[in-house]
Amino acid sequence: MAGTKTTTADTEGADAGTPRPRDGLFIRVYFGDGRHLGPGMIELLEAIRHERSILSAARRLGMSYRRAWLLVDEIGRNFRQPVVETHPGRRGHGTDLTAFGERLIALYREVERASAAASRDAVDELRAALAPQDEEAGKDG
């Protein structure tokens, strides 16, 4: 958990161009055979849910369409059930999550909630032990 992470999802409701720093746990589930499910994949699925388009979801997250499509393909190959359903030829809203895609997001978010709850005291102690941050250290020049 070294460092601070920002995500596009953190900008909703705020200044959309300025990601906020986040703290807490960032969970990546490894399945022991080289496959995994992580926060970026889940954020992409959530953006697809919102935008109903892989292209629009990619733009929302600041990634290339190719990168988004490769991640969607990887997620789809990792599970027995389809995660997204595409509708070729439909302008603007050509992708929907399947019921399993929705369940995948819910399961991942539950792992995050349970992990955060289980580690809350230790993370709070770590946060309390942080040295004060030098405001000038993050500025150029």
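Contact here means heavy atoms within 4.5 Å. By that rule, R109 is in contact with I42, E43 and E46, leaving aside its neighbours within four places in sequence. This is a predicted model: local features need pLDDT of at least 70, side-chain atom pairs count only at pLDDT 80 or more, and totals for chains, interfaces and linings use all residues. Residues are numbered from 1 along each chain as its sequence is written, and side-chain values use heavy atoms, with hydrogens and water left out.

**Overall fold**

- The chain has four helices and six strands. Both are DSSP runs numbered from the N terminus: helices are H or I with at least four residues, strands are E with at least two.
- From the N terminus on, the order of elements is β-β-β-β-α-α-α-β-β-α.
- The chain has 141 residues, and 30% of them count as buried. Buried means under 20% relative accessible area, exposed means over 50%, and partly exposed lies in between (1.4 Å probe, protein chains only).
- Take the contacts in the chain with a separation of 6 or more: residues 24 or more positions apart account for 45% of them.

- R109 sits in helix 4, which spans residues 99-128.
- The side chains of R109 and E112 are joined by a polar contact of 2.6 Å. A polar contact is a pair of N or O atoms within 3.5 Å; within protein, one must be able to donate a hydrogen and the other to accept it, and residues adjacent in sequence count only if both atoms are side-chain atoms.
- The second largest pocket has a volume of about 180 Å³. Of the 10 residues that line this pocket, R22, L25, F26, R109 and E112 are the closest to its centre.
- Pockets are found on a 1 Å grid over the protein atoms alone, with a 1.4 Å probe; a pocket is an open set of points with protein on both sides within 12 Å along at least five of seven lines, and lining residues have an atom within 4 Å of a point. Grid points are joined across faces, edges and corners, and a volume is the space filled by probe spheres set on the points.
- Helix 1 (39-51) and helix 4 each supply at least two residues of this pocket's lining.
- The lining of the second largest pocket divides into four nonpolar, one polar and five charged residues. Ala, Val, Leu, Ile, Met, Phe, Trp, Tyr, Cys and Pro count as nonpolar; Asp, Glu, Lys and Arg count as charged; the others, Gly among them, count as polar.

**S119 in helix 4**

- S119 is also found in helix 4. S119 has a relative accessible area of 19%, so it is buried.
- The side chain of S119 reaches the backbone oxygen of S115 at 2.8 Å.
- S119 and G24 are 95 residues apart along the chain, yet their C-alpha atoms are separated by 9.6 Å.

**Aromatic cluster**

- The structure holds two aromatic pairs. Rings of Phe, Tyr and Trp (its six-membered ring) pair if their centres lie within 6.5 Å; planes under 30 degrees apart count as stacked, over 60 as edge-to-face and the rest as tilted.
- F31 and F79 pair edge-to-face, at 6.2 Å centre to centre with 90° between the planes. This pair links distant parts of the chain, 48 residues apart: F31 is in the loop between strand 3 (29-30) and strand 4 (36-37), and F79 is in the loop between helix 3 (65-78) and strand 5 (84-86).
- F31 is partly exposed, because its relative accessibility is 42%.
- The rings of F79 and F100 have centres 5.6 Å apart and planes at 55°, so this pair is tilted.
- F100 counts as buried, because its relative accessibility is 17%.
- F31, F79 and F100 form one aromatic cluster.

- E51 is found in helix 1. The side chain of E51 makes polar contacts with the side chain of H50 at 3.2 Å and with the side chain of R60 at 2.9 Å.
- R52 lies in the loop between helix 1 and helix 2 (54-61).
- R52 has a positive phi of about 60° although it is not a glycine. Most residues other than glycine have a negative phi.
- R52 is partly exposed, at 33% relative accessibility.

**H36 in strand 4**

- H36 is found in strand 4.
- Leaving aside neighbours within four places in sequence, H36 is in contact with R28, V29, Y30, F31, M41, E74 and N78.
- H36 and I75 are 39 residues apart in sequence and 8.8 Å apart in space, C-alpha to C-alpha.
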